[in-house]
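Hi there,

Here is the structure I said I would pass on.

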Amino acid sequence: MNLVDNRKPVQRVLWLTLWLNIFVMLLKAGIGIATNSLSLQADALHSLTDGASNVLGLFTMRLANPHPDRDHPYGHQKFEALGALGIAAFLGMACFEILQSAVERITQQSSQVKLSASELWLLLLVLGVNIFVTVYERREGIRLGSRILVADAYHTLSDIWVTIAVLTGLVGIWAFNWQWLDIALAFPVAGLVFYSGWRVLRGNIPWLVDEMAIAPEAIHQVVMGVPGVVNCHDIASRGLVGRQVFIEMHLIVETNSLEDAHEITEIIEARLQEVFPPARVMIHMEPQNYSSDQISYPET
């Protein structure tokens with residue numbers, strides 16, 4: 001089985017996005033403090049979690065070796081999903097901090113937001129950097145089959161929407177002196193951050209809990225097309241197609257010869273590897289007089 005070890009290219013992408021996120025965070029924080037903008041300071045905090053998620057991703061990728069060893073006979077790739085869950089946790093903390101800051105601003109007397117046109121142009125630069133990072137990271141994540149890059153791209157995508165919302169509020173303050181808009185926009189910003197965290201969770205929990213990777217009917221169709229196969233049942237699969245898939249099944253063949261049966265299983269493994277690469281297949285042989293019409297495991 002040819003396993004895909006994409007750690008080095010993923011780490012290169014994470015290093016680039018880390019430095020860009022640090023630049024964005026410092027710029028937002030500087031303008032937010034200078035203008036006394038709550039929404040922009042909250043956005044800077046969100047960008048800080050972007051950088052933290054990059055660091056977490058770099059650490060996780062050092063552990064996510066796809067090759068098995070004695071202690072991890074199925075490989076180490078789920079460390080990548082754990083890293084993605086860490087990103088979701090960062091998003092949750094950012095959501096809480098934004099809401100807490102908004103409530104404090106409402107309940108306490110605070111100075112007004114003051115903004116210049118040059119500061120708005122700098123925020124447009126920030127928005128451009130965020131768009132580049134999101135598009136680049138998501139494209140590379142799909143190309144490399146990296147869950148952590150795709151999760152981090154969703155994180156940065158939420159940063160785009162947050163920055164757009166903040167810019168809208170600051171333009172309102174700059175043009176019409178609507179000071180209330182800065183606080184009001186903090187709440188939808190928190191909602192966008194929370195939604196991004198939910199998308200990351202939804203995308204990675206199925207992998208961690210060994211949800212079905214391939215429809216049993218699709219595996220059954222491939223196996224039944226191999227000459228000599230009588231029946232294939234109790235099919236199970238887990239993992240990620242394109243990264244590493246584990247397939248299990250029970251098989252009945254029309255021969256009593258162990259050598260012939262072994263040859264049939266070799267053909268099955270080769271076909272499944274071709275259709276669902278890279279696949280690691282476990283086949284349990286059963287006698288010819290055994291019968292079962294249960295392709296997959298029944299609902300409980």
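Let me start with aspartate 234, which is found in strand S1 (residues 229-240); strands here are DSSP runs of E with at least two residues, helices are runs of H or I with at least four, and both are numbered from the N terminus. Although aspartate 234 is not a glycine, its phi is positive, about 50°. Its relative accessibility is 17%, so aspartate 234 counts as buried (buried is under 20% relative accessible area, exposed over 50%, partly exposed in between, with a 1.4 Å probe and protein chains only).

Before going further, some housekeeping. This is a predicted model, in which local features need pLDDT of at least 70 and side-chain atom pairs count only at pLDDT 80 or more, while totals for chains, interfaces and linings use all residues. Residues are numbered from 1 along each chain as its sequence is written, and side-chain values use heavy atoms, leaving out hydrogens and water.

Aspartate 210 also has a positive phi, of about 60°, without being a glycine. You will find aspartate 210 in the loop between H7 and helix H8 (216-224), and at 36% relative accessibility it counts as partly exposed. For context, most residues other than glycine have a negative phi, and most peptide bonds are trans. Proline 278 sits in the loop between helix H9 (258-275) and strand S3 (279-285).

Now the helix packing. H5 and H7 pack at an angle of about 170° with their axes 9 Å apart (axes are lines fitted to C-alpha atoms, for helices over the stretch in contact, and angles run from 0 to 180 degrees between N-to-C directions). H5 and H7 are therefore roughly antiparallel, the word for angles over 145 degrees, with under 35 called roughly parallel, 65 to 115 roughly perpendicular and the rest oblique. Among the residues making the contact are Tyr154 and Trp161 of H5 and Val193 and Trp207 of H7, where contact means heavy atoms within 4.5 Å.

Val193 and Trp207 are also among the buried residues of H7.

The axes of helix H1 (residues 7-35) and helix H5 (residues 147-176) come within 12 Å and cross at roughly 20°, so H1 and H5 are roughly parallel to each other. Their contact includes Val10 and Leu14 of H1 and Ile148 and Leu149 of H5.

Happy browsing!
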